[in-house]
Amino acid sequence: MPNSTLKWIYLCLLALVWGSSFILIKKGLVGLTPLQVGSLRTVFAALFLAAIGLRSLKHIKGKQWMWITFSGFFGTFFPAYLFSFAETEIDSAIVSILNSTTPLLSMLVGIALFEATFVRKKFVGVMVGLLGTTALIWSGATVNPDQNYWYSLLVILASLFYGINANVIKKHLQTLPALAITTGNFMVIVVPALIVLATTGFFSAEVLSGPNIPLSLLYIGILGVVGTGAALIFFNKLIQISDPVFSTSVTYLVPIVALGWGFLDGEKFTLIQLFSGIIIIVGVLIVNSRKKNV
């Protein structure tokens, strides 16, 4: 299958999986703290990847381990905690919407630090997508005035880390198999995640016997294996067959899925949010149109 078709399949699949991740975080927080959710998400993903990807680590050589480590912390470790803390104050759907700043941040990081070429068409598409995002944030703040939107800065920071990571993979890890990159990431960060988890008292009998723990662990287990481990394999491959801006534009589609889950979970939803979602999709189409880049 040609890459021009395959990249769209990966994009839609990732939108569905990551769009469902935010509701899983929300459900996990019912019985777990943000630090526990972030740590367990990493641990479950690491166990899954160790089972399927240890042999792929042979492809990682010398200096590439430095970039694997950098990618692991900025692309997964820190964002896992930032998103968990953000969802203690902001609806899961709104968090997913804020995450759609990733393509713009990826573009700006690429131009500033990685000598990426400025492409007017992509910039216009990103700005259209951000227009839809702004409308979604405004409508969310109107519908939920009691929520602390300062926590949105945590999501913006996580999105910046995602943008940096996408550029690092494209520039320094392009030749590695996607499975090797992802497995390497988690083999590096699983020990720090376990240390953080231990400091929360998670392994005490009191915590483990909590009434909400089994269901919360199930949600975070699904998030770790499917929404983190498996999804990052596809995402790293997507970066390699396209570019950082196209790859991170998945965050424009994620809110559509997340809003649907939020609506089913009782989060408020308005027609303005629906219209804003349509604007976001238009932005994605502009970014990835086949017209001549200028």
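Mentor: One term to begin with: buried means under 20% relative accessible area, exposed means over 50%, and partly exposed is in between, using a 1.4 Å probe and protein chains only. This is a predicted model, where local features need pLDDT of at least 70, side-chain atom pairs count only at pLDDT 80 or more, and totals for chains, interfaces and linings use all residues. Residues are numbered from 1 along each chain as its sequence is written, and side-chain values use heavy atoms, with hydrogens and water left out.
Trainee: Okay. What share of the residues counts as buried?
Mentor: Of the 294 residues in the protein chain, 54% are buried.
Trainee: And how many helices and strands are there?
Mentor: The protein chain has 13 helices and zero strands. Both are DSSP runs numbered from the N terminus: helices are H or I with at least four residues, strands are E with at least two.
Trainee: What about contacts between residues 24 or more positions apart?
Mentor: They make up 91% of the protein chain's contacts with a separation of 6 or more. Contact here means heavy atoms within 4.5 Å.
Trainee: New topic. How many salt bridges are there?
Mentor: Two. The rule asks for a side-chain nitrogen of Lys or Arg within 4 Å of a carboxyl oxygen of Asp or Glu.
Trainee: Which residue pairs with Lys 26?
Mentor: Asp 265, with the closest N and O atoms 2.8 Å apart. Lys 26 sits in helix H1 (residues 3-28) and Asp 265 in the loop between helix H12 (250-264) and helix H13 (271-287), so the bridge ties together parts 239 residues apart in sequence.
Trainee: And the other bridge?
Mentor: Asp 265 also meets Lys 27, at 2.7 Å from N to O. Lys 27 is in helix H1 too, so this pair links parts 238 residues apart in sequence. Shared partners join Lys 26, Lys 27 and Asp 265 into one network.
Trainee: How accessible is Asp 265?
Mentor: Asp 265 is partly exposed, at 29% relative accessibility. Lys 26 is partly exposed at 24%, and Lys 27 is partly exposed at 26%.
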